[in-house]
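Please take a look at the sequence and the fold, and then we can walk through them together.

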Amino acid sequence: MDKLSLARSELREMDALAAEDSPIHRIHPLCKLLVTILYIVAVVSFPKYDFSGLIVMLLYPVLLFQITGIPVRLCFHKLRFVLPLVCAVGIVNPFLDRTPLLALGGLTISGGVVSMLVLMMKGVFSLMASFLLIATTSIDSLCAALRKIHVPAVITTLLLLTYRYIGVMLEEVSVMTQGYSLRAPGQKGIHISAWGSFLGQLLLRSMDRAGELYNSMLLRGFKGNFFYADVPPCRVSGLIYTLLCAAFFLCARVINISALLGSLFVR
């Protein structure tokens, strides 16, 4: 299986994950979206040296992985291309901030090292929360929930079409790549001299395909808004889930739970 076919397969796997059944899958999509936003805001708001306070926020994604039955390794496999970029953001901090901050035995840890680890953790935790949202909520349900709170239809339509037709674009790229490989047997990849014409052809083919899709949508009565799948009203379980998560995020942000537990065990 080539890389493009593998990418299309991974998109289908995400749809299959969202179609599974678990207590988290059954929660109202708007509640899960709100909790995810609150979690990311809380994670990002931690100070740059607050390593012990931030580590407690790992409890949320770990519990969700256990409840949903989604393997943690699957999350890191899906995010394998994004995680290195996120982790590389703070890699220069140890060179910019060399102020001694901690002393572990004979080892002195600078503030730059701590801030680098905190920044990496913020990125990884935010990506894990976003993955769990997509893996437990279908894109149709998410867009339908957004329309319930009167998010403009142009935004939800753009979100839905972008997600749905990534696979169509990958299919066009796969066809063009196969055609190029047949005309250049034995060559690995696409030569740099053909990149311009390849991208131009991809743009033209994408515009033609988009025109065909849009005409099909018009023939089926599309008038700027989709008739999304009906989302049931929010249940009490969804409200309780939102309130408990929000209370935990607030407590973890205001109180250093790690330091508190450490002081209790030391006593």
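In which loop is Ser-22 found? Ser-22 sits in the loop between α1 (3-18) and α2 (29-44). Helices here are DSSP runs of H or I with at least four residues, strands are runs of E with at least two, and both are numbered from the N terminus.

## Before we start

This is a predicted model, in which local features need pLDDT of at least 70 and side-chain atom pairs count only at pLDDT 80 or more, while totals for chains, interfaces and linings use all residues. Residues are numbered from 1 along each chain as its sequence is written, and side-chain values use heavy atoms, with hydrogens and water left out.

## The chain as a whole

The chain holds 14 helices and 2 strands. Its radius of gyration is 23 Å, well over the 18 Å that the globule rule gives for 267 residues, so the chain is more spread out than a compact globule. That radius is taken over C-alpha atoms, and the rule is 2.2 Å times the number of residues to the power 0.38. Along its principal axes, the C-alpha trace spans about 70 × 50 × 30 Å.

Of the 267 residues, 38% count as buried. Buried means under 20% relative accessible area, exposed means over 50%, and partly exposed is in between (1.4 Å probe, protein chains only). The chain exposes about 16,400 Å², and carbon and sulfur atoms supply 70% of that area. Such areas come from the Shrake-Rupley method with a 1.4 Å probe; for residues, only the protein chains shown count as cover. Among contacts (heavy atoms within 4.5 Å) with a separation of 6 or more, 77% are between residues 24 or more positions apart.

Leaving out residues up to four places away in sequence, Ser-22 touches Ile-67 and Thr-68.

The other serine to look at is Ser-126, in helix α8 (residues 111-136). Ser-126 is buried too, at a relative accessible area of 13%. Beyond its neighbours within four places in sequence, Ser-126 is in contact with Ile-40, Val-43 and Val-44.

## Salt bridges

Side chains of opposite charge can pair when their charged atoms come close. A search of the whole structure finds 2 salt bridges, each defined as a side-chain nitrogen of Lys or Arg within 4 Å of a carboxyl oxygen of Asp or Glu. Lys-78 forms one with Glu-13, and the closest N and O atoms are 2.5 Å apart. Lys-78 lies in helix α5 (residues 72-78) and Glu-13 in helix α1, so this pair ties together parts that are 65 residues apart in sequence. Lys-78 is buried, with a relative accessible area of 13%, whereas Glu-13 counts as partly exposed at 36%.

Arg-26 and Asp-21 also meet in a salt bridge, at 2.8 Å from N to O. Both Arg-26 and Asp-21 are exposed.

## Helix α12

How far apart are the end C-alpha atoms of α12? They are 36 Å apart, which agrees with the 36 Å that the 25 residues of helix α12 (residues 195-219) should span at 1.5 Å a residue. The expected span is 1.5 Å times one less than the number of residues.

Within α12, Phe-198, Leu-202 and Met-217 are buried. The cover over the buried residues of α12 includes α10 (153-164) and α11 (166-183). Just after the helix, Gly-221 takes a positive phi of about 90°.

## A surface patch and a buried strand residue

On the surface, Ile-91, Val-92, Phe-95 and Leu-96 form a nonpolar patch with about 450 Å² of accessible area together. Patches are made of residues with over 30% relative accessible area and no salt bridge; like charges are joined within 9 Å, and nonpolar side chains (Val, Leu, Ile, Met, Phe, Trp, Tyr) within 5 Å. Leu-96, found in helix α7 (residues 93-96), is exposed, with a relative accessible area of 69%.

Ile-109 belongs to strand β2 (residues 107-110) and counts as buried at 17% relative accessibility. Not counting residues up to four places away in sequence, Ile-109 touches Thr-99, Pro-100, Leu-101, Leu-102, Leu-104 and Val-114. Ile-109 and Thr-99 are 10 residues apart in sequence, and their C-alpha atoms are 8.5 Å apart in space.
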